[in-house]
Amino acid sequence: MFSVLEKIAADEIIELTRQLIRIPSENPPGGEGEIAEFIAEKLKDLGLTVRVYEFKPGRPSVVGLLSGVKEKPTLMFNGHMDTVPVGDKDLWSVEPFEGVLRDGRIYGRGAADMKGALAAMIASVKAIVESEVNLRGRLILTFVADEEVTGYGTRDLIRRGYRADFAIVGEPSELNVQTAHKGLLWLKVVIRGKAAHASIPHQGVNAIYRMADFCLALEKMNSLLAEKKHALLGPPTINVGTIKGGIKTNIVPDYCEITIDRRLIPGEKPVDVKREIEETLESLGGKTSKLQTQVEVLNLAEPSETPQDELIVQVARKAVREVIGRDPGVTGFTATCDMRFLVNEAGIPTIILGPGSLRQAHVIDEYVEVEQVINAAKIYTSIILKTLS
Ligand SMILES: [Zn+2]
């Protein structure tokens, strides 16, 4: 096995990460065409069977297949090619699409989330191919579009029938093995009251006062949620993020709206969570004739979890321990990610394991540690060998 790991060339991985950063794939607006073409060429050069699928025009995902002696077992790697936007470029101290290499770090949009992981995945497959190891099972690389907005790139591949016995999502986990992630539910809540002249407020129904009651009830709900803890992810949370209402100081407002971000832990169903919030609203008099309410789902991503005794969890922990010299244990990923489609729709035992930190994702001067990208390539290679050879 160590002879295969020796094939991992640090210089090549660093260069590949920088090349990927130099191809912008900001989402929104979204457009993975150029980076997909670049990756597809790389995989073809390695002798993989390559397919490209668009879940909608201009939004391609790339699949690379490396056959083994048999069809099974199958190991899937999943990584998204899109990044969040750079935002205000002037706030960056480095050029975000240059892949600046400085003090053992590679800087740029997508460095941690997750072009470093893509480079590590490609490098590990290269090491396997060049070592001419005979794989028993099959390796599937899925490099997908649109994780940052909808997740439809991964969902599309699952709906096209791609399956595996185990999967690894390369989101930034600082090389920790993560078996669960949170989900989210974003809601818009509208309360309508009755307008009146501010000098005779009792003739109206003040939508802002009613919304204030509701906001305080949600704050109370948050402290109840704090008691409901997931072992790896902590408690679910609720946050009121925006509020709008009223048009003039001397008018009793007949309209108020808020948006809510509710984070879900595994075991919670979005439909139940929405119901709970609606009931809270109704208990405040939302059903009385003068007060009309409306609840709209703005965004939804389910949580997911893989049992810790699954083979992929054990194998990954062992591989990490061998490469970095410590058992990472098992932790949770606090954000949402494409793991939910692999687990909830396809039933694939999946872990999150990648270089870089979630604290570096989506921020100004995003970076990934070079050492982590190289170690990720070694860990991925070791997992391929342990599961498929
Ligand atoms: Zn990501």
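**Strand pairing and pockets**

Reply: In this predicted model, strands β3 (residues 74-80) and β6 (residues 138-144) pair in the parallel sense, over seven bridges.

Me: Which residue of β6 stands opposite Thr74?

Reply: Thr74 belongs to one side of β3, together with Met76, Asn78 and His80. The strand pairs with β6 in the parallel sense. The residue of β6 opposite Thr74 is Arg138.

Me: Which residue of β7 is the bridge partner of Phe77?

Reply: β3 is also joined to strand β7 (residues 166-169), and the two run parallel over four bridges. Within that pairing, the partner of Phe77 is Ile168.

Me: How many of the residues of β3 are buried?

Reply: In a regular strand the side chains alternate between the two faces of the sheet, so both faces have to be considered. On one side of β3, Thr74, Met76, Asn78 and His80 are buried, and on the other Leu75, Phe77 and Gly79 are buried as well. Buried here denotes under 20% relative accessible area. The count for β3 is therefore seven of seven.

Me: Which element gives the most to the lining of the largest pocket?

Reply: The largest pocket holds about 610 Å³ of space. At least two lining residues come from each of α5 (152-159), β9 (183-192), β14 (292-301) and α9 (339-345). With four residues, the element that gives the most is α9.

Me: From which domains does the lining of the largest pocket draw at least three residues each?

Reply: The lining comprises 30 residues, and those nearest the centre are Val149, Leu184, Ala301, Thr336 and Arg340. By class, it has 13 nonpolar, seven polar and ten charged residues. The domains that each supply at least three residues are domain 1 (2-181 + 303-388) and domain 2 (183-301).

Me: What is the volume of the second largest pocket, and which residues lie closest to its centre?

Reply: The volume of the second largest pocket is about 210 Å³. Of its 15 lining residues, the closest to the centre are Glu12, Leu16, Ile122, Ala123 and Lys126.

Me: Which element supplies the largest share of the lining of the second largest pocket?

Reply: Two or more residues of this lining come from each of α2 (10-21), α3 (33-45) and α4 (111-131). By class, the lining of the second largest pocket has eight nonpolar, one polar and six charged residues. The largest share, five residues, comes from α4.

Conventions:
Residues numbered from 1 in each chain as written. Predicted model: local features only at pLDDT ≥ 70, side-chain atom pairs only at ≥ 80, totals over all residues. Heavy atoms only, no water. Buried < 20%, exposed > 50% of the residue type's maximum accessible area, 1.4 Å probe, protein only. Pairing = 2+ DSSP bridges. 1 Å grid on protein atoms, 1.4 Å probe; cavity = no way out; pocket = protein on both sides within 12 Å on 5 of 7 lines; lining within 4 Å. Points joined across faces, edges and corners; volume = space filled by probe spheres on them. Nonpolar A, V, L, I, M, F, W, Y, C, P; charged D, E, K, R; others polar. Domains from an automatic or database assignment.
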